[in-house]
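Please read the following report alongside the sequence and the 3D view.

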Amino acid sequence: MGMSGPPEFHHLDDGTPEDAWASTPGLSGRPVLELAGIHHLVVVAAHPDDETLMAGGLLFDAHRLGITVDVVVATDGEASHPHSPTHTAHALVALRREEVAAAISHLAPSAGLHCPGLGDGRLAEGHDVLVRLLVDLVGTRGEGTLLVSTWRGDGHPDHEAAALAAASAAWRTDARLLECPIWFWHWGSPGDSLPAGPCLPLAGDAHAAKSEAMRAHHSQVDPLSDAHGDEAILGAPMLAHFHRDIEVFFDGEVGETNPFESLHASDPDPWRVRSSWYEARKRAVTLAALPRPRYGRVLEVGCSVGALAADLAGRADHVLAVDESAAALRRAGEALDGVPNVSTQRLRVPEELPVVDADLVVISEIGYFLSPLRLRDLARRVAASGRSTVVACHWRHDIIGWPLDGPAVHAILRGSLGMPTAVLVEDVDFVLEVFSTDAGAEA
């Protein structure tokens, strides 16, 4: 456990008797965590030993059931003994990596162990790195993945940062998110109201394996030496909370702040849509692929700074350009000033998308910034409108930090729109597809 934070938490020996918690309503009567249908478990620890304290029994049960297990230990816990006269931070990194590997060998020997080495006490600075790692681990099979992280309300900035990164990854991949308290058992009291969530009863072998794994974290449960500054971090009363025969989880809130708001706020053209040949050529191919010379109403989903909306205005009576980013829409409004047949609207897609009322729907460079389930939802909402033409165009290369790429987006659209492909362009850099029931060509 990395202990960067309030000094009163540096030695977790609170003296709270275990049975004071065992009878609290917050622990009794909780639903049992069911692992049926889970094919992948990803445990996200802020520091070495968090994985064992919060989910050691879960790791053991998942391994026993043949579930694929990955453990991410975001920091190396090098700040656990900041005043040690015998161990430098560098030495603690090596020691704590050995300890966490030994602990995992007791719980889930075949688990993947991932240690990105983000800063202890500064995990929030590594948010994007951690999100990318988690998204890569979950991939496109999030519906059968359980993500378990430290609890965002635990009172430690690194525990919160790990939870927020897991929430972003779950939002992008459709994984289920649970969070687990650790420090709460130190500063909370049995009368406190606990968030909703399941618990996992631990059978005897799971309980024994967790106890062995806890002992493997020697630098936390035993003194490094007899010198001042080398004291054990986890005293017996604190450890008693994790020797219970259940593990307690809280339902995590999945979601994230729009990752593109700050991007558009800091750069008037972050995608270089007005200056790059790739963007200009892609827009020209998109317009050339339209089956009709003109449309009544056009909906563009994810308009960014409005370059494509301006081009579509020449082929439509009216264009509604929507985006989730307020900063992007401000840029689009500036670019579209004086174009009377284009309006913009801020919407979270697909959740806030109203009934689609358009003859043409354009989904360009936006599909891979949705989770697979949210992309399917968007396609179903568009298909339900009965409109005749949908144009999709996406970059074909890797999208860092997101589970889908362009070809995967188009595979989902083909399966969800229920419309035939009228035009398919597979460029070296992008894939463009027109789904249409409308021949539309004029002699």
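The sulfur of Cys303 lies 16 Å from the closest cysteine sulfur, which belongs to Cys393, and that is too far for a bond. A disulfide is a covalent bond between the sulfur atoms of two cysteines; here the term is applied to a pair of cysteine sulfur atoms within 2.5 Å. The structure holds zero disulfides. Cys199 is likewise in no disulfide, and its nearest cysteine sulfur, that of Cys180, is 11 Å away. Cys303 counts as buried because its relative accessibility is 4%, and Cys199 counts as buried at 6%. Buried means under 20% relative accessible area, exposed means over 50%, and partly exposed is in between, with a 1.4 Å probe and protein chains only.

**Basis and overall figures**

This is a predicted model, in which local features need a pLDDT of at least 70 and side-chain atom pairs count only at pLDDT 80 or more, while totals for chains, interfaces and linings use all residues. Residues are numbered from 1 along each chain as its sequence is written, and side-chain values use heavy atoms, with hydrogens and water left out.

The protein averages a pLDDT (the predictor's confidence in each residue, from 0 to 100) of 91, and 92% of the residues score at least 70. Over residues 3-11 the pLDDT is below 50, and this stretch has 24 contacts in the model beyond near neighbours in sequence. A contact means heavy atoms within 4.5 Å. Where pLDDT is low, the predicted coordinates should not be read in detail.

The protein has 443 residues, and 57% of them are buried. Its C-alpha trace spans about 90 × 40 × 40 Å along the principal axes. The accessible surface comes to about 17,500 Å², and carbon and sulfur atoms account for 54% of that area; such areas come from the Shrake-Rupley method with a 1.4 Å probe, and for residues only the protein chains shown count as cover. Of the contacts between residues at least 6 apart in sequence, 77% join residues at least 24 apart.

**The six-stranded sheet**

The secondary structure comes to 15 helices and 15 strands. Helices (H or I, at least four residues) and strands (E, at least two) are DSSP runs numbered from the N terminus. Six strands form an open sheet in the order S3-S2-S1-S4-S5-S8, with mixed pairing. Strand S3 (112-114) and S8 stand at the edges with a single partner strand each, so one side of each has no neighbour in the sheet. Two strands pair if DSSP finds at least two bridges between them. The table lists pairings in this sheet.

| Strands | Sense | Bridges |
|---|---|---|
| S1 (residues 40-45) and S2 (residues 68-73) | parallel | six bridges |
| S2 and S3 | parallel | three bridges |
| S4 (residues 145-150) and S5 | parallel | five bridges |
| S5 and S8 (residues 250-251) | antiparallel | two bridges |

Which residue of S2 is the bridge partner of Leu41? It is Val69. The chain crosses from S1 through helix H2 (residues 50-64) to S2 in a right-handed β-α-β crossover. A crossover is right-handed if, with the strands pointing away from the viewer, the path from the first strand over the helix to the second runs clockwise. From S2 the chain passes through helix H3 (residues 89-107) to S3, and this β-α-β crossover is also right-handed. Val44 stands opposite Val72 in S2, and Val71 stands opposite Leu113 in S3. Five of the six residues of S2 are buried, so this strand is largely enclosed by the rest of the structure.

S4, helix H5 (residues 157-173) and S5 make a right-handed β-α-β unit. Leu147 stands opposite Leu177 in S5, while Glu179 stands opposite Phe250 in S8. Strand S5 (residues 176-180) is largely enclosed by the rest of the structure, because four of its five residues are buried.

**Two loop residues**

Leu224 lies in the loop between helix H8 (218-221) and helix H9 (236-240). Is Leu224 buried or exposed? At 17% relative accessibility, Leu224 counts as buried. Not counting residues up to four places away in sequence, Leu224 touches several residues, including His81, His87, Leu92 and Asp230. Thr86 is 138 residues from Leu224 in sequence, and their C-alpha atoms are 7.8 Å apart in space.

Ser275 lies in the loop between helix H10 (261-266) and helix H11 (277-288). Ser275 is exposed, with a relative accessible area of 56%. The C-alpha atoms of Ser275 and Pro340 are separated by 24 Å, and the two residues are 65 apart along the chain.
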